[in-house]
Amino acid sequence: METFELKVAEQQGTLAVMEVAGYINNEGGEAVAKEARKLLDAGHRTLLLDLKATRIINSIGISLLLEVLERTIEVQGALAFCCLTPSIAKTFQIMGLSQYTRIFPDRTSALAELLPAQ
Amino acid sequence: MAKPVRVRLVLPRVARAELLASRAVEEAGQRIAFPRDTLAEVKLAVVEACLNALEYGAGDVEVEVVAHPNDARAWIEVAVVDHGPGFDPSTVTRPVLEDKLRSKRKRGWGLELIRRLMDEVEITSEPGRTKIRMIRRRGGE
């Protein structure tokens, strides 16, 4: 039931792409936050979370994503998302996340936008 | 006239129990051909209500899902009941992202999401019984 999986799918320059699948709850959110910390500590500054295979994020998972956002802001980096389901997009809109993150419809458009900026 | 689809369950106190309620909403919603994207929003609201009940409540967490098929605008009604100490919903402040980013406590989004994802939300709470009743209509906001 909604098995969680996380993979660092791409690392190009200071950009890293994390593919997240399944339910982002406290455990999933912790896993994302831990991997994000590792990537930022390793020098990456732009993190793209590909949520193509994520159907639901609960509010605890959201709070952990905010920790990732806070950390990227601290290192003057950027957090971006792509491939959001309509309900996750609405959740982010309710929270006002688009003010602080970049949101793309798909990974291709995200990479086209984020890579040249490095 | 088709009868409403009614599902009742008591959540076990195990990890991811809230997803059982989400699954019940999905099953009931699919039986009345509720739009998938709208149903996904109802599922998230129900997950949040169940998380609150499991975290702050005590005893059984009871969930009832009723999917009404035949009205001009089909609708789904969900009630989540817990038996914890209760709370005063009027004292729950609305979260502001800017403040949350500056704060160590980044949680506190559940009730806001429930209110924004559903068309109607009614919270009744007293010591020993808290009930969140919520409705989402086809074509609602």
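1. Two residues are in contact if their C-beta atoms, placed from the backbone, lie within 7 Å. The model under discussion is predicted.

2. The secondary structure of chain B consists of 4 helices and 5 strands. Read from the N terminus, these elements follow the order β-α-α-β-β-α-α-β-β. The radius of gyration of chain B is 15 Å, close to the 14 Å given by the globule rule for 141 residues, so chain B is as compact as a globular protein of that length.

3. Two further values describe chain B as a whole. Along the principal axes, its C-alpha atoms fill a box of roughly 50 × 35 × 25 Å. Of the 141 residues in chain B, 40% are buried.

4. A helix pair in chain B deserves attention. Helix 2 of chain B (residues 36-56) packs against helix 4 of chain B (residues 110-117) at an angle of about 145°, and their axes are 9 Å apart. The crossing of helix 2 of chain B with helix 4 of chain B is left-handed. From helix 2 of chain B, the residues making the contact include B:Leu44, B:Ala45, B:Glu48 and B:Leu51; helix 4 of chain B contributes B:Gly110, B:Leu113, B:Ile114 and B:Leu117. The residues of this contact between helix 2 and helix 4 of chain B comprise 7 nonpolar, 2 polar and 2 charged.

5. Attention now turns to the sheet of chain A. In chain A, 5 strands form an open sheet in the order 1-2-3-4-5, with mixed pairing. Strand 1 (5-12) and strand 5 (102-104) of chain A are the edge strands, each pairing on one side only. On average, and with direction ignored, neighbouring strands of this sheet are turned by 20° against each other.

6. Strand 3 (residues 46-53) and strand 4 (residues 78-82) of chain A pair in the parallel sense over 5 bridges.

7. Finally, how many residues does each chain bring to the contact between the chains? Chain A supplies 23 residues and chain B supplies 20 residues. On the side of chain A that touches chain B, helix 2 (59-74) and helix 3 (86-95) of chain A each provide at least two residues. Helix 2 of chain A gives the most to this side, with 8 residues. The residues of the side of chain A that touches chain B divide into 11 nonpolar, 8 polar and 4 charged.

Conventions. Residues numbered from 1 in each chain as written. Chains lettered and ligands numbered in written order. Predicted model: local features only at pLDDT ≥ 70, side-chain atom pairs only at ≥ 80, totals over all residues. Rg over C-alpha atoms; globule rule 2.2 N^0.38 Å. Buried ≥ 20, exposed ≤ 12 C-beta atoms within 10 Å, placed from the backbone. Axes fitted to C-alpha atoms, helices over the stretch in contact; angles between N-to-C directions. Left-handed = near helix turned anticlockwise from the far one by under 90°. Nonpolar A, V, L, I, M, F, W, Y, C, P; charged D, E, K, R; others polar. Pairing = 2+ DSSP bridges.
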